[in-house]
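Work through the exercises below with the model open beside the text, and try each task before reading the solution that follows.

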Amino acid sequence: MSSVIVENIAKKYGKVDALCGVSFVVPKGEIFGIIGADGAGKTTLFRILTTLLLADSGTASVEGLDVVKQYRDIRSQVGYMPGRFSLYQDMTVEENLAFFATLFGTTIKENYYLIEDIYKQIEPFKDRRAGKLSGGMKQKLALCSALIHCPTVLFLDEPTTGVDPVSRKEFWTMLRRLKDRGITILVSTPYMDEATLCDRIGLIADGRFLMIDTPQAIVDSFDKPLYAVSGDRMPQLLRDIRANQAVESCYAFGDVHHVTLDVEINLQEYLESCGHQNVVVRPIVASVEDCFMKLNK
């Protein structure tokens with residue numbers, strides 16, 4: 001059975017197309033990642049699926065329930081963690097959690113088994129006001145609040161943005177444990193390295209999905225040799241690479257440039273002829289980010 005079905009969902013804000021007829025299906029128990037930059041349409045899509053926003057056209061269902069006609073039923077079955085910390089900052093950790101449990105007619109004690117692995121990390125600070133928590137602890141509290149009513153589908157909108165690397169790693173470990181409990185998870189992120197932690201991903205840009213598949217299948221679809229190029233004058237190196245007509249694409253990736261060619265040439269000889277020194281050209285394996293850049297050019 002599919003937990004989420006989306007068919008041709010479209011949404012405009014004025015003249016801006018936030019979503020342009022997107023369609024996808026998420027099977028039960030899958031971690032489905034929606035990967036894209038800010039403004040790509042991720043938050044709009046999540047707000048439609050969690051019944052907080054109406055689409056202009058198209059249909060969508062969550063756990064077999066229509067997001068328009070059966071929105072009340074959906075709200076009792078999903079957990080939603082928005083991109084910004086939205087809990088009550090003047091209430092303590094325990095007060096926030098008890099409040100959200102009460103909203104859904106349950107208690108912390110009744111569903112403690114579901115949040116135990118996460119909550120025990122912030123329980124020593126249960127009397128601290130939520131606004132005084134660190135970024136990582138706020139993230140854990142928000143996840144606990146989204147889980148306290150035992151949802152079957154979890155929507156996480158850029159949950160690790162602005163969080164330190166250690167907390168990011170811990171967070172994804174927690175998501176795998178939730179998946180093992182049978183919870184379907186849809187998570188959006190601008191971080192391409194998190195794509196490999198999902199079962200399947202959808203690469204989204206300008207309100208459209210560029211590709212939906214497993215991370216490995218997307219990487220395997222990169223059908224041209226890829227090179228990492230470096231030298232002494234990286235900004236000028238980038239300009240000179242792009243000036244060569246044999247080059248299909250060239251982007252800055254950290255301390256190197258990633259280059260694909262339309263026609264095979266000796267890049268090192270070409271760049272040395274342009275006056276560059278200490279040039280290093282080496283073949284590399286494409287990443288999800290390389291695939292995204294190729295699809296979105």
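This is a predicted model: local features need pLDDT of at least 70, side-chain atom pairs count only at pLDDT 80 or more; totals for chains, interfaces and linings use all residues.

**Exercise 1. Decide whether helix 1 is largely enclosed or open, and examine the residue threonine 51 just after it.**

Solution. Helix 1 covers residues 42–49, and six of its eight residues are buried, so the helix is largely enclosed by the rest of the structure. The buried residues in helix 1 are Lys42, Thr44, Leu45, Phe46, Ile48 and Leu49. Just after this helix comes threonine 51, with a positive phi of about 65 degrees, a value found here in a residue other than glycine. Threonine 51 belongs to the loop between helix 1 and strand 4, and it counts as buried because its relative accessibility is 10%.

**Exercise 2. Trace the pairing of strand 4 with strand 1 and strand 5.**

Solution. Begin with strand 1 (residues 2–13) and strand 4 (residues 57–62), which run antiparallel and are joined by five bridges; two strands pair if DSSP finds at least two bridges between them. Within this pairing, valine 62 of strand 4 stands opposite valine 4. Strand 4 also runs antiparallel to strand 5 (residues 65–66), to which two bridges join it, and here the bridge partner of valine 62 is leucine 65.

**Exercise 3. How many salt bridges does the structure hold, and which of them link distant parts of the chain?**

Solution. The structure holds 13 salt bridges, each being a side-chain nitrogen of Lys or Arg within 4 Å of a carboxyl oxygen of Asp or Glu. Among them is the contact of arginine 176 with aspartate 199, at 3.7 Å from N to O. This pair links distant parts of the chain, 23 residues apart, with arginine 176 in helix 6 (residues 165–180) and aspartate 199 in the loop between strand 8 (184–189) and strand 9 (200–205).

Another is formed by glutamate 248 and lysine 224, whose closest N and O atoms are 3.0 Å apart. This pair, too, links distant parts of the chain, 24 residues apart, since glutamate 248 lies in strand 12 (residues 247–253) and lysine 224 in the loop between helix 7 (215–220) and strand 11 (226–230). Glutamate 248 is partly exposed at 23% relative accessibility, and lysine 224 is partly exposed at 26%.

**Exercise 4. Which residues form the nonpolar patch on the surface, and where is tyrosine 88 placed?**

Solution. The patch consists of Tyr88, Phe99, Leu103 and Phe104, which together have about 380 Å² of accessible area. Patches are made of residues with over 30% relative accessible area and no salt bridge, joining like charges within 9 Å and nonpolar side chains (Val, Leu, Ile, Met, Phe, Trp, Tyr) within 5 Å, and accessible areas come from the Shrake-Rupley method with a 1.4 Å probe, only the protein chains shown counting as cover for residues. Tyrosine 88 is placed in the loop between strand 6 (78–81) and helix 3 (93–103), and its relative accessible area of 42% makes it partly exposed.

Conventions: Residues are numbered from 1 along each chain as its sequence is written. Side-chain values use heavy atoms; hydrogens and water are left out. Helices (H or I, at least four residues) and strands (E, at least two) are DSSP runs, numbered from the N terminus. Buried means under 20% relative accessible area, exposed over 50%, partly exposed in between (1.4 Å probe, protein chains only).
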